[in-house]
Amino acid sequence: QTGGAQGVASPGPLLAPAAAMSWHSGSSHGGGKAYGGKGGSGGGYSGSGGKGGCYSSSGDSRHGNTGSSGGCGSPGAGSRSGPAPSTRAVPPPSSCYGGSGGGGSGGSSTPRTGSGPPSPMNVSGCTNQTVSNIIKGTYSPTGTNHNKPVYKKEGPGSVSVLMYFWDDRDGPNFSGWWFGPKVGGDQVWAYNESKASPVPPLNGWKVPWDGPVDSALKLTPVSGSTGQSPPPPAPSSKREVMPPRSNSQQRGRHWEDEDRRRRDEQQRAAQDQQRRDDERRRREADDERRRRARDEEQARKQAEMKKKREEDETRRKEQAAALAVRKVIQKVRVATPETYDKLRTDLEEAQATHLEALGSQAEKVSQEAEQTLQQAQKRIDEINEKRAEDERRRIEDEKRQKEESEKVERLLASMTEDVNKAEERVKEAQDAGKTASESALADGSMPEALIGAAETAEKAIETVREVLEQTSKSLVDRQEEMGENDSSRRVKRDVGELHGKVASGRRALDKLASTLKASREKATRKAAALKKEQARKEQFDKHDSDKDGQLNRMEIMAFSKSVHEFEMPEEVLNKIMRILEPVSLDKFLSLHQKVAIAKSEAQARIERKEQELRRQALEAQRQAVQKVVDEADEFLDAAEETLNRTEAKARPILGSRDSRDRDSRDSNTLSATEIREVAAAADELVKQAGNELSQALGKLKKVEDDCQPTPELHDIERREVPRLKQRHARSQVRCEKVLAAIKAAQEKAVRKAYAELEAQRAECVKAMRAFMNSKGKNGEQFFANIDGGAALKEDKFVELLKGLPDMTFEDGEAEKMFRHIAGEEEEISKEKFLEHIRLYYKCVKSTVLSEDVSIRSKTIRRLEVGEVLEALEGPAREEGANVNRVRCLCVQDEATGWATIAGNQGTAFLEPGGNIYSCVKETVLTDGLSVQDSKTIRRIGKGELIEVLEFTKKSDSLDIKRVKGKAKLDGATGWITVCGNQGTCYLEPC
């Protein structure tokens with residue numbers, strides 16, 4: 001061919017990074033196909049400019065010469081810009097490299113397999129159906145990120161799907177290729193950890209991004225795309241008309257072209273040789289530079305080693321000199337006043353001797369020596385001061401001991417003198433007692449004289465005892481005055497002997513006093529016996545009427561009646577006379593005794609008779625009390641039997657089950673009506689048991705009253721009353737337990753009846769909303785079609801319920817539902833109806849709120865876990881993602897949009913509920929929003945459930961959060977505080 005061939009883009013890799021790819025055209029010299037680098041700011045492209053090899057038309061590879069750079073924005077020298085030809089590009093040889101265009105960056109310095117743009121990619125085969133619906137399709141290159149291409153999914157769609165690369169700036173775990181709606185965004189669908197790949201890998205993708213590798217997900221290049229040159233056109237059947245040329249002109253042109261080609265080859269060969277020579281010289285210069293650097297480094301290391309050895313030797317000498325001086329310093333540290341001066345001289349000599357050898361440590365060692373001398377001098381001064389202080393203390397101790405010794409001697413002499421005086425007084429008392437005894441004996445056998453002498457001696461003994469006590473107290477006081485010291489300890493034995501003398505004196509006085517006391521008591525008894533003998537003689541003379549020296553029967557009878565107040569029976573008198581007659585003065589005492597014995601025997605007989613009568617009466621009382629006890633037992637037995645029947649009847653509401661009865665049920669499985677019936681039957685029985693316990697308690701009270709005044713019956717009271725009380729208490733506890741269970745069951749029946757109606761109401765709501773959705777109507781439209789928008793009467797509402805396709809009602813259930821919803825009113829208003837069919841959802845997994853039913857519609861905001869939403873429309877099915885969506889209102893900020901109820905893999909995002917709160921701290925239900933201006937309806941107990949009718953509002957007066965709700969227990973409606981202004985929480989979402 002003649003003329004320059006048009007440039008084409010080499011195919012290159014299927015997907016090359018956009019920043020490293022070029023696709024441009026130019027012309028080359030000699031008929032070759034040029035591959036140039038990217039142009040500069042002007043946007044032009046260079047042909048032979050740059051280090052690009054030429055490719056001959058005949059297919060032979062040749063090395064091209066390096067061209068010069070073109071001007072800014074203009075084509076390179078010998079090149080032209082133009083569109084790519086129609087012919088398919090032929091891959092250039094591996095020796096072709098890009099040059100630098102005019103004003104642009106130089107070509108790549110690494111071998112390239114091609115310079116064309118990246119090909120589109122087709123994505124298919126994901127096992128996750130949700131992700132597959134999002135990412136499958138054809139992707140086209142749209143830009144670059146982190147020096148690698150970014151691909152965007154073709155076709156319509158509300159969500160952009162990108163395929164991009166992210167480097168390790170956020171860590172190696174986030175580096176790789178990603179599928180997502182936004183470059184660098186948080187939401188991603190798939191991930192490939194290949195970091196070296198310049199294009200998206202064809203396989204090895206993880207779905208989800210942190211899950212296992214999905215082997216089914218494949219990427220395939222799209223063939224015949226714009227990323228490659230189109231195939232060459234089919235040869236035309238018509239021959240082009242060319243102007244006639246002469247053979248000589250053709251041969252001349254041929255030789256010119258051949259000559260130009262040879263010159264270009266020679267020039268390129270010379271340039272290659274020059275380049276190789278420059279490269280050789282550069283390598284030789286680098287080798288010489290490295291050799292000099294090695295020599296310099298070796299010399300430097302040898303010098304450093306020599307210097308280090310010298311420093312080590314100097315350091316060793318310094319350490320040896322410092323050690324010698326420090327040994328002397330150590331001796332100075334422990335110097336005494338006697339050795340200090342010599343050791344100080346030794347230290348100064350050691351410093352002078354080793355001064356030069358110390359070197360750099362001279363100053364440090366000198367400071368240590370100076371500091372040690374100062375410390376040693378201070379220590380010597382302290383030792384001298386201590387010795388002086390010890391000498392002064394020794395002198396003071398000797399003086400103090402001398403004074404203490406003199407004081408102790410003086411006190412001991414005084415104590416000895418006092419004890420001697422006390423001994424003299426004891427001796428005088430002993431002499432006085434002995435004299436008193438002798439004088440009493442000498443006075444004859446008169447006991448009165450002996451008693452007088454003994455009393456005089458005892459008074460003298462008491463006086464001496466007081467003297468001994470004073471002496472003993474004085475010894476103790478003076479011993480304490482001596483104190484605890486060596487002198488007092490030396491005379492401790494002497495002081496002990498003085499105490500022993502005082503104690504000996506006390507014992508002598510005690511012995512003397514005991515002797516005198518025995519003598520006085522003996523004299524006293526003798527005097528009493530004489531006096532009694534005299535009285536007996538006078539009494540005998542008084543009853544001896546005839547003065548014959550004997551008592552006859554009449555005189556004895558008179559004596560018994562007068563002295564003993566005893567009417568002596570004839571048989572007793574005869575017995576006494578047989579034994580004692582004649583009754584003279586010497587037998588008068590025996591008479592006295594026998595009359596007293598006879599009187600006591602007569603009194604004993606009377607007492608035995610009285611005791612028998614009392615015993616019989618007590619036995620009658622005991623039997624009567626025992627009868628009352630038996631009656632109390634019978635009442636308690638009856639009460640226990642009644643309670644057994646009560647507990648058996650009330651077992652379902654008591655929370656216990658009979659393991660032997662498989663058909664037994666508890667209150668959780670009973671209906672509200674069954675719970676009421678069980679509670680009523682149990683209440684009747686427990687009342688009967690309570691009446692029987694009351695009667696038993698009355699009998700128990702009678703037993704206590706009967707036993708209290710009679711001590712002999714206290715044993716019955718102690719034995720039976722506690723037993724009966726224990727039985728009564730146990731039965732009473734059982735009664736109270738059953739009563740509490742009955743009360744709880746009645747309350748539970750009310751709650752359960754309400755809960756049953758509420759559950760049925762929820763089913764009605766569900767059925768109504770399903771019916772509304774099937775008709776495509778909202779709540780207001782649905783209400784308007786029931787009865788023309790008028791309030792619903794009972795018959796219309798019942799007709800509506802029975803017409804719902806998914807609901808069935810027993811007889812009376814629909815009417816009961818109307819009364820449950822209408823409350824005290826006769827009809828259901830539009831507002832109450834709309835409130836009845838209101839449906840709430842609670843967010844259980846974070847998701848998004850979108851503008852439309854399509855999941856690809858614009859996102860309004862994110863929904864957080866725990867948010868409550870009111871359903872406005874739906875649920876509706878989103879066919880693209882195969883999920884159910886609901887149009888809802890966020891009660892938190894009244895944002896409206898569509899949210900997904902559950903994903904197509906079963907992941908739940910919304911669940912019905914969120915409008916039920918639980919009371920966690922007792923509070924009140926009021927009739928208005930304001931706490932101060934409203935009235936209390938009733939108290940809300942801990943654990944009660946509240947259905948929210950209007951969500952959180954703030955009370956203007958106290959700045960507290962309140963909701964309007966209905967108590968699940970009884971349906972009471974009003975305002976309740978959720979959280980106080982001090983942070984106290986009263987209600988929490990269930």
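Tutor: We shall take the terms one at a time and set each value against its cut-off. Please keep in mind that this is a predicted model.

Student: What makes up the chain in terms of helices and strands, and what share of the residues is buried?

Tutor: The chain contains 18 helices and 23 strands. Of its 990 residues, 34% are buried. The accessible surface is about 59,300 Å², and carbon and sulfur atoms account for 49% of it.

Student: Why is Ala369 called buried?

Tutor: Buried means a relative accessible area under 20%. Ala369 has 1% relative accessibility, so the residue counts as buried. Ala369 belongs to helix H5, residues 362-442.

Student: Which residues are in contact with Ala369, leaving aside neighbours within four places in sequence?

Tutor: They are Ile329, Leu347 and Gln351. Contact here requires heavy atoms within 4.5 Å.

Student: How do you know that the buried residues of helix H15 line one face?

Tutor: In H15, which spans residues 779-787, the buried residues are Gly779, Phe782, Phe783 and Ile786. Viewed down the axis of H15, these buried residues fall within an arc of 100 degrees, and therefore they line one face of the helix.

Student: Why are strands E8 and E9 said to stand at the edges of their sheet?

Tutor: The sheet is an open one of 7 strands, with antiparallel pairing and the order E8-E7-E6-E5-E4-E3-E9. Strand E8 (190-192) and strand E9 (218-221) each have a single partner strand, so one side of each is left without a neighbour in the sheet. On average, neighbouring strands of this sheet are turned by 30 degrees against each other, direction ignored.

Student: How do you know that E3 and E9 are paired?

Tutor: Two strands pair if at least two bridges are found between them. Strand E3 (residues 121-124) and E9 are joined by 4 bridges in the antiparallel sense, so they count as a pair. Within this pairing, Val123 has Leu219 of E9 as its bridge partner.

Student: What makes the contact between Lys206 and Glu193 a salt bridge?

Tutor: The cut-off is 4 Å between a side-chain nitrogen of Lys or Arg and a carboxyl oxygen of Asp or Glu. For Lys206 and Glu193 the distance is 3.9 Å, N to O, so the pair qualifies. Both residues lie in the loop between E8 and E9, and the pair therefore ties together parts that are 13 residues apart in sequence.

Student: How is the salt bridge between Arg723 and Glu720 placed in helix H14?

Tutor: Their closest N and O atoms are 2.4 Å apart. The two residues are 3 apart in H14, so about one helical turn separates them. Arg723 is partly exposed at 31%, whereas Glu720, at 10%, counts as buried.

Student: Which residues are linked with Arg723 and Glu720 in a network of salt bridges?

Tutor: The network also includes Asp633, Asp637, Glu640, Arg719 and Arg727. The structure holds 71 salt bridges.

Student: What joins strands E13 and E14?

Tutor: Strand E13 (residues 868-878) and strand E14 (residues 883-890) run antiparallel and are joined by 7 bridges. Glu878 stands opposite Val883 in E14. The two strands form a hairpin with 4 residues between them, and in the turn Asn882 has a positive phi of about 60 degrees.

How values were computed
Residues numbered from 1 in each chain as written. Predicted model: local features only at pLDDT ≥ 70, side-chain atom pairs only at ≥ 80, totals over all residues. Heavy atoms only, no water. Buried < 20%, exposed > 50% of the residue type's maximum accessible area, 1.4 Å probe, protein only. Areas by Shrake-Rupley, 256 points an atom, 1.4 Å probe, with all protein chains shown as cover. Axes fitted to C-alpha atoms, helices over the stretch in contact; angles between N-to-C directions. Arc of directions from axis to C-beta.
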